[in-house]
Each structure stands twice: as C-alpha cells, then as structure tokens.
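Here is a briefing on the model shown below.

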Amino acid sequence: MSLLEVAGLVKRFGGLAATDGVDLTVMPGEAHAVIGPNGAGKTTLINQLAGEIRPDAGSIRFDGREIAHEPVYRRALMGLGRSYQITSVFPEFSVLANVMLAVQAHAGHSFRFWHPLVAERELVERAREALTEVGLGPKADVLVASLAHGERRQLEVAMTLASRPKLLLLDEPMAGMSLAESERMVELLSGLKGRYGLLLVEHDMDAVWKLADRISVLVYGRVIACGDPASIRENAEVRAAYLGDQEVVA
Amino acid sequence: MSDEGRQLTLRKTIAAAVLAFLALVPVISAAIGEPYYVTLFTRILILALAAVGLNLILGYGGLVSFGHAMYIGIGAYSVGILAHYGVGSGWVQLAVALCVGAAVAVVIGFVCLRTSGMAFIMITLAFAQMLYFLAISLKQFGGDDGLTINARSDFGLFSLRTNVALYYCTFVVLIAVLLGVSRLVHSRFGMVIRGGRSNGRRMEALGFPMLRYKLTAYVISALVCVLAGVLLANLTKFAAPSYMAWQASGDLIVMIVLGGMGTVLGPVVGALALIVFEEVLTGWTTHWMIVLGPVIVLIVLTANKGLYGYIVERDARRRLP
Amino acid sequence: MTTGLFFVQALNGLQLGILLFLLAAGLTLVFGIMNFVNLAHGSLYMMGAYFGAATFNATGSFVLAGSVAVPATMLLGVVVERIALIRLYHRDHLDQVLATFGLILFFNELVRIVWGPGAQFMSPPEVLSGSVDLFGLRYPAYRFAIIAVGLVVAAGLYVLIHRTRVGMLIRAGATHPDIVAALGVNVRRLNTLVFGLGAGLAGLAGVMAGPILSVQPGMGEPILILTLVVIVTGGIGSIRGAFYGALIVGTVDTIGRAFLPTILREFLERSLAQAAGPAIASMLIYVLMAVVLAIRPQGLFPVRHA
C-alpha cells in the first residue's frame with residue numbers, strides 16, 4: 001500500500017503546463033528523490049502536494065485518502081509534513097518556541113486563552129526531542145535570528161519532524177549549504193528514512209545518490225524516468241536531459 | 001517573562017509607575033482642585049482600553065484593521081439607543097452591546113479575513129465608513145448631530161453617577177483587560193496568533209486552520225472596543241457618529257505604534273502620550289493638527305519601537321523570550 | 001419614477017464613476033506596482049480642487065484653473081514622494097498607513113489655515129453652464145463634459161498602458177516588480193512617474209469636481225474611501241478593474257440613493273421606509289464589495305501574477 005500516490009497531475013499557468021501529467025508513488029519508509037533541470041516544475045509539484053496550489057486535473061492519494069482538494073492545514077494534520085526551499089521559520093521566536101508551535105498543532109485545538117504554553121510539559125518534551133534528533137538540542141533557547149543558515153535548515157527539519165508526519169516533503173533541503181553542513185544534513189535524513197517516507201526535491205546529486213531508494217526524473221513537467229539510482233544513472237534519456245555524460249562517483 | 005523571578009527591571013518599574021499614577025489621578029485631581037482632569041483621564045483610559053483591544057490583532061497578530069473605531073460606536077450607540085427607549089439598565093445595555101458587537105464582528109471579520117495585506121486594511125476602513133454613514137443616516141437617533149443620553153448606565157450594585165466612580169470603574173475594567181491580554185499572549189491561542197503574524201504560510205503548513213483563530217482574535221479585540229464604547233457613552237452622555245470616523249481608528253493605531261506594538265502596556269502608554277500631547281498643543285494653537293501630522297510621519301520614519309516598546313526591547317536583549 | 005429621471009440619475013452615476021476612475025486608476029497602480037498603501041491620495045485630490053479654486057477665484061477662468069491645478073498637483077505629488085514616501089517603500093503596510101495618515105492630517109489642517117474652514121466657491125466655465133439635449137432629455141452640460149473628459153482620459157490611459165514602452169514597463173511592474181528591477185530598469189524613476197501620473201489624475205478629478213462638490217477641508221477622505229472600495233472590488237493593480245469597478249460603484253451608489261427609498265416605500269410602511277431607505281442606500285456599495293469579496297477575493301478583474 002503506497003503512502004503517496006500521484007496520478008495524472010496537471011497544472012497550467014496561462015499556456016504553460018508546469019505539471020504535465022505526473023505519476024509518482026512513494027512507499028512507506030521510502031526515500032524518493034525528484035530531480036530535474038531548473039524550470040522542470042519541481043517546486044510547483046511540491047506546492048500541489050502540500051496543498052498551496054490546486055491542480056487542474058489528476059489525483060493525489062495520501063495514506064489511502066484523496067487529498068487533492070483538501071486545504072493545507074488538513075493535509076498537515078493527516079501526516080504530510082513539508083519543509084521549504086527558502087527557510088521558512090519564525091525568526092522572532094526562540095528555537096524551542098518554533099518547534100513547540102509544530103508540536104502544538106497536533107496536540108488538540110488551541111482555543112486555550114489562559115494557561116501559558118511553556119507550562120505544558122508534554123509539549124515541551126516532545127519539542128526538545130525533535131531538536132535533539134536534528135542536533136539542535138543545546139541551542140533550544142537561542143533566538144532563531146542569530147542562527148547560522150545551516151542550523152536554520154536543521155530547525156526546518158526539526159519542525160517538520162515535530163509534526164509526527166508519515167511523509168516529509170523536502171524542497172531542496174541542501175539549498176545554500178556548505179560541504180560540512182550538507183554532510184550533516186545527509187546523515188540526518190538517512191537516519192529518518194525507514195521511519196518516515198521522504199519525498200525529496202534536490203539538485204545536490206551527491207546527496208541524492210547517497211539517500212535515494214528511488215529517483216524520479218522530472219523534465220518539462222513530466223516524469224521521464226523512475227527507478228533505483230543505478231538504473232537512473234545508466235538511463236540514456238536522463239543523461240541527455242539532465243545528468244550529462246560525466247562519470248558519477250558513487 | 002514572569003517566571004524570571006522578581007527582578008526589579010526598568011520595565012516593571014515603569015509599568016508599575018504608570019499604573020500607580022493612573023490609580024491616583026482622582027486623588028491628585030481633587031488635591032489640586034481641578035476636577036477636569038478626572039474627565040480627561042477617563043477619556044484616556046477609555047481610548048487606552050480600545051487601543052489595547054486593537055493591539056491584540058494589530059501588534060500581536062499583524063492584522064492592520066483601520067476600522068476598529070466602529071466597535072466603539074456600536075458600544076456607544078447600544079447604550080444610547082436603549083437609553084432613548086427608556087432602558088437604563090447597564091447590564092442590559094452591556095449585554096446588547098456585546099451581542100451586537102460580536103455578531104457584527106463575526107460577519108465583517110469573516111469577509112475581511114478573506115483578504116490580507118493592503119486589501120485587508122482598505123476593507124476594514126471601508127466597513128467602518130459604512131457604519132459611520134449608517135449612523136449618520138439614522139435621523140431618529142440624532143443622525144449627524146448624535147444622540148444625547150440622559151443618564152448614565154444603571155448597574156444596580158454600583159453607580160456611575162459621579163465622575164470619580166466612572167473613572168474607577170473604567171480603571172478596573174482596563175486592569176482586568178490588561179491582565180487577560182497578558183495571559184492570552186502566552187497561551188496556546190496567543191502563540192498561534194503571534195505565529196500567524198510571523199509566518200502565516202508556515203502556520204498553515206504546520207496544521208493550524210488560521211482563519212478560525214484570526215477570526216476569534218478579531219472578535220475578541222472588537223468586543224474590547226465595544227466595552228470602551230459603552231464607557232465612552234457614559235462619560236460623555238452622548239453617542240455620535242464621530243466616535244466611528246476613520247480618524248478615530250487612525251488615532252488608535254497611532255497610540256499603539258507610539259506606545260509600542262506587541263507589548264501589553266504599550267497602547268496605554270501611547271494613549272497617555274498622544275492625548276497629553278494633544279492637550280498641550282491645543283493650549284498653544286487651534287491648528288495643532290498641523291504639528292501632529294508631521295510628528296506622526298516622523299515617528300514612523302525613525303523606526304522606533306514606541307516609547308514603552310523601547311524599554312521592553314532593552315530588557316529582552318538581556319534575557320531571552 | 002420616470003424613465004427620464006432614471007436616465008438622469010444613471011448619467012449622474014456615470015459621472016461619479018468617471019471621477020472615481022480618475023482617482024482609482026492612479027491609486028491602483030501605486031498599490032499594485034509599488035505595493036504601497038497611499039492614503040494621502042485623497043489629499044492630492046483635495047489639493048487639486050484647492051489649487052483650481054484659488055486660481056479660479058484669482059482669475060475668473062476655469063480653463064486657467066484646470067491648467068494650473070493639474071501640473072501643480074502633479075508637482076506636489078512628486079515632491080511629497082521624494083521627501084517622505086520614498087523612505088517607506090520597503091517598510092511594512094502599517095508604517096505606510098500611519099505615515100500617509102499623518103500626511104492627511106497635515107494637508108487638511110494646511111488648507112484650513114491657508115483658506116479657512118469654509119467651502120471655496122467655483123463655478124463651471126460659461127460655455128458649459130447650460131444643459132445639453134440628450135434624446136429629449138436635458139442634462140447639465142458641465143456634468144456631461146466631465147464624463148466626456150473622463151472617457152478621453154481613460155482612452156488615453158489605455159493607449160499609454162498598452163501601446164507605449166513606458167506602459168509596458170508599468171504593466172510589467174504590476175505583475176513582476178522584482179524582474180523589472182533585475183532587468184536594470186530605473187525603478188526609482190518609474191515609481192516617481194507612476195506616482196506623478198496618479199497625482200495628476202487626482203488633481204484633474206479635484207479641479208473638475210470643484211464646481212459640483214464642496215471644496216473644503218477633509219473633502220478628500222470620503223472620496224478616498226469610495227476609491228478604495230473601487231480598487232478592492234475591481235482588483236488591486238488592475239486599471240481595467242479600476243474602470244469597471246468605478247463605473248459600477250458610481251452607478252450603484254447614485255441610483256441606490258436616488259431610488260431605493262422610493263422602492264422601499266412600495267413594500268414597507270411609510271415611516272419604516274423613511275428610516276431604512278437612506279440607511280440601506282448608504283450601505284449599498286459596501287454590501288456590494290462584501291459580496292464580490294466573498295465570491296472572488298482577488299476582485300472582479302484581477303491582475304494575473306504568474
């Protein structure tokens with residue numbers, strides 16, 4: 001039973017089909033990478049899966065349920081987590097407060113007006129757990145505004161994790177990272193797969209070869225190939241469209 | 001913040017001083033033999049109350065409503081219209097004001113919250129204008145001239161007949177609301193609203209259905225303004241369309257920014273500063289608004305955090321939120 | 001209610017709509033391209049009326065009044081933009097609202113000091129002081145001229161926006177402001193141009209409105225708020241939206257105020273109709289705006305951002 005099943009997804013902007021009949025599946029615990037040249041429609045795809053854009057046609061089944069017309073927040077509550085290409089956190093709050101918001105969303109309603117949030121021990125603990133998992137434990141009380149770029153990306157992942165997702169949609173998690181930061185992120189993500197499904201849009205091919213169980217190649221809004229890393233590397237069409245003829249070091 | 005212990009920070013000292021001063025105004029006023037100040041400061045407290053209400057969605061929520069004065073009008077006219085028909089009971093007037101205010105806030109809030117950014121600002125302004133014109137067109141309730149109220153609200157248990165009694169009633173209401181707001185901003189609900197201001201898109205992605213929270217905050221802030229309106233009608237014994245004019249909404253925003261957005265006491269400090277400033281200026285010239293205008297522009301351009309907000313910021317830099 | 005009366009009111013609605021369009025066109029561009037909430041637009045309209053009235057009272061010539069008012073308002077707009085507003089482009093909307101609110105207070109008090117609190121008198125030019133004959137109906141020539149001038153300006157704006165290079169830049173700025181900047185276009189100059197254009201249109205509206213509306217302190221804000229309703233209903237940044245929105249708002253408001261009380265009297269008892277009529281009529285366009293927003297929050301003719 002697939003965790004995510006996308007069939008015939010179409011999205012047009014004016015005359016241009018940014019998503020032109022995309023089929024994709026993600027199995028539970030699988031790390032599935034989506035690669036492709038710029039302008040292939042990767043971010044549009046993620047936005048449709050997350051719910052920020054409504055597709056013109058096609059279906060998106062998550063955990064057995066059709067979600068193509070569900071609002072963003074409901075998909076999140078169903079277990080679809082998302083991180084952003086351009087870091088999207090709450091800069092005025094502390095690191096811990098950021099993650100606590102993520103935890104709070106899945107801990108019942110928030111129509112509580114009197115008791116301080118920080119007094120809810122269980123939520124605080126869950127938040128600290130997520131921070132420890134990404135390695136930001138010691139920085140819990142630091143203001144996000146003073147974090148390094150790589151640490152902010154880690155926070156992004158922590159927030160996505162704290163939502164207890166079943167599937168994580170990761171939009172270029174390596175974006176803007178130094179070599180050391182990228183390595184740490186790859187380690188982190190490797191630790192996550194198996195427990196969570198990962199759908200990962202990435203340009204950083206080193207990371208993709210290391211992480212992906214399967215790869216889908218998106219070109220002009222279509223998936224031209226899908227398979228395990230070895231077969232994708234060999235695929236002539238893929239090399240022509242994107243990878244080029246360089247020898248890829250495993 | 002409060003779990004940091006009983007450190008005597010500058011912020012707490014100033015907050016205490018401001019509140020202590022306000023508590024003693026009638027005493028001081030009697031001592032110097034100027035009863036006018038009781039009325040003046042009642043007005044300050046009432047506008048401060050409305051500003052505190054608006055600050056909930058503006059300072060903390062980032063929703064720039066340029067029409068909140070209309071809820072002051074609803075409060076005032078509820079008292080006025082009921083008094084006109086012989087219903088003098090304060091409890092009935094208050095109940096009606098809050099119900100009407102809530103109903104209007106839910107409808108208007110819902111329509112406005114379908115937009116964001118500059119559209120939101122313009123629409124809130126437009127709806128306030130709508131109510132303003134409505135009030136003017138109701139000739140049987142005074143129309144443009146406003147509606148006189150013969151007697152202050154009768155609350156049975158206590159009387160608002162004297163100015164000092166009204167002052168302390170208003171003061172108690174303000175303190176209660178300040179207490180409520182200070183708890184609210186650290187509660188689950190408060191964090192959701194503040195998160196919405198910081199990054200609304202992310203909040204939805206985390207799983208928060210933001211519309212219902214924003215609407216609730218909008219209604220709560222509207223009801224605080226309604227409360228202010230009820231008190232205002234009692235102070236002036238008058239209900240006028242001018243209470244809801246767009247300038248009144250603008251003044252509330254000035255108070256909030258002047259005092260410090262996103263702080264609990266900021267709007268009170270802002271109201272105090274603005275009205276005292278106006279009083280002083282009025283003494284010099286009838287054309288004082290020509291000074292106020294550029295002063296507001298200057299306040300905005302110098303990008304400060306507001307009078308009280310500046311002190312809060314200094315404190316916060318030493319400890320973390 | 002005769003058809004003749006209806007047509008007259010419809011024309012009045014059209015005339016109000018044209019005035020609103022002149023204001024809305026400039027303002028929607030400032031909102032859409034510069035992402036700037038300019039509440040002081042009503043003050044520019046007011047200053048246009050005052051410049052016109054002052055010139056008229058000094059010279060007796062309406063033509064001269066118009067020729068002075070429009071460039072003067074344009075200049076005033078550019079000066080205000082360069083001194084104060086330019087620092088606010090990158091600030092958040094709240095700061096822009098507050099600062100322009102301060103400007104409103106300043107200008108209202110300024111005209112009160114210079115010209116006093118009363119209304120300034122302005123009469124239409126001699127040649128237009130009579131009435132025209134439209135299909136057997138008599139309609140004030142001056143109001144008809146406003147409609148004519150407005151339509152000419154609308155046509156001119158259309159040509160400017162859709163057929164010139166500057167217009168193309170303006171349209172590009174409305175849909176992709178960041179790309180326009182990245183392409184090396186002098187955004188500052190473009191912004192000033194857009195602002196100046198809007199100011200000129202506002203000044204034109206002000207001087208034309210002079211003879212038929214009161215020229216007095218605070219005259220700008222009621223029109224400003226109507227203009228905001230137009231922009232929101234039509235779609236922010238969209239000139240087409242401003243045009244159709246203005247005509248719709250102008251006609252609905254005028255015809256509503258003229259006929260709703262009468263219509264209500266058919267259905268409701270007299271005193272109730274007497275009370276409810278003007279009340280509902282004054283709320284009509286806001287209800288219209290609310291309905292449009294409920295169905296299409298982006299407005300009737302939104303600019304399409306890719």
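**Chains and contacts**

Chain A and chain C are joined by no contact (heavy atoms within 4.5 Å), and their closest C-alpha atoms lie 7 Å apart. Two pairs of chains are in contact, and chains B and C share the most contacts. This is a predicted model, in which local features need pLDDT of at least 70, side-chain atom pairs count only at pLDDT 80 or more, and totals for chains, interfaces and linings use all residues; side-chain values use heavy atoms, leaving out hydrogens and water. Residues are numbered from 1 along each chain as its sequence is written, while chains are lettered from A and ligands numbered from 1 in the order in which they are written.

**Confidence in chain A**

- The mean pLDDT of chain A is 88, on the predictor's scale of confidence in each residue from 0 to 100.
- In chain A, 97% of the residues score at least 70.
- Helix α9 (residues 236–243) of chain A has the lowest confidence in that chain, at a mean of 78. Helix α3 (residues 95–105) of chain A has the highest, at 94.
- Helices here are DSSP runs (H or I, at least four residues), as are strands (E, at least two), both numbered from the N terminus.
- The pLDDT falls below 50 over residues 246–250 of chain A. Beyond near neighbours in sequence, that stretch has five contacts in the model.

**The interface of chains A and B**

- The size of an interface is often given as the accessible area lost when the parts come together.
- Chain B and chain A bury about 3,100 Å² between them. Buried area is the accessible area (1.4 Å probe) that two parts lose on being put together, summed over both.
- Carbon and sulfur atoms carry 60% of that area.
- In this interface, 29 residues of chain B are in contact with 41 residues of chain A.
- Arg188(B), Arg202(B) and Leu206(B) supply 28% of the area that chain B buries against chain A. That is more than any other three residues.
- Three salt bridges are counted between chain B and chain A. A salt bridge is a side-chain nitrogen of Lys or Arg within 4 Å of a carboxyl oxygen of Asp or Glu.
- Arg202(B) forms a salt bridge with Glu156(A), at 3.1 Å from N to O.
- Leu184(B) is in helix α6 (residues 163–184) of chain B. With a relative accessible area of 9%, Leu184(B) is buried. Buried means under 20% relative accessible area, exposed over 50%, and partly exposed in between (1.4 Å probe, protein chains only).
- Not counting residues up to four places away in sequence, Leu184(B) touches Phe113(A), Leu56(B), Phe189(B) and Gly190(B).
- Leu184(B) and Leu56(B) are 128 residues apart in sequence, yet 9.2 Å apart in space, C-alpha to C-alpha.

**Salt bridges**

- Over all chains, the search finds 19 salt bridges.
- Asp213(A) and Lys193(A) meet at 3.3 Å, N to O. Asp213(A) lies in the loop between α7 (205–211) and β9 (214–219) of chain A, and Lys193(A) in the loop between α6 (179–192) and β8 (197–201) of chain A, so the pair ties together parts that are 20 residues apart in sequence.
- Asp213(A) is partly exposed, at 33% relative accessible area. Lys193(A) is partly exposed too, at 25%.
- Arg112(C) pairs with Glu109(C), the closest N and O atoms being 2.9 Å apart. Both lie in helix α4 (residues 93–115) of chain C, three residues apart, about one turn of the helix.
- Arg112(C) is partly exposed at 28%, whereas Glu109(C) is buried at 3%.
- Salt bridges with shared partners link Glu52(A), Arg82(A), Asp171(A) and Arg201(B) into one network.

**Aromatic rings**

- The structure holds 27 aromatic pairs over all chains. Rings of Phe, Tyr and Trp (its six-membered ring) pair if their centres lie within 6.5 Å; planes under 30 degrees apart count as stacked, over 60 as edge-to-face and the rest as tilted.
- Phe21(C) and Phe243(C) pair edge-to-face, 5.1 Å centre to centre with 90° between the planes. Phe21(C) lies in helix α1 (residues 3–34) of chain C and Phe243(C) in helix α10 (residues 239–267) of chain C, so the pair ties together parts that are 222 residues apart in sequence.
- Phe21(C) and Phe243(C) are both buried.
- One aromatic cluster takes in Phe111(A), Phe113(A), Phe189(B), Phe208(B) and Tyr213(B).
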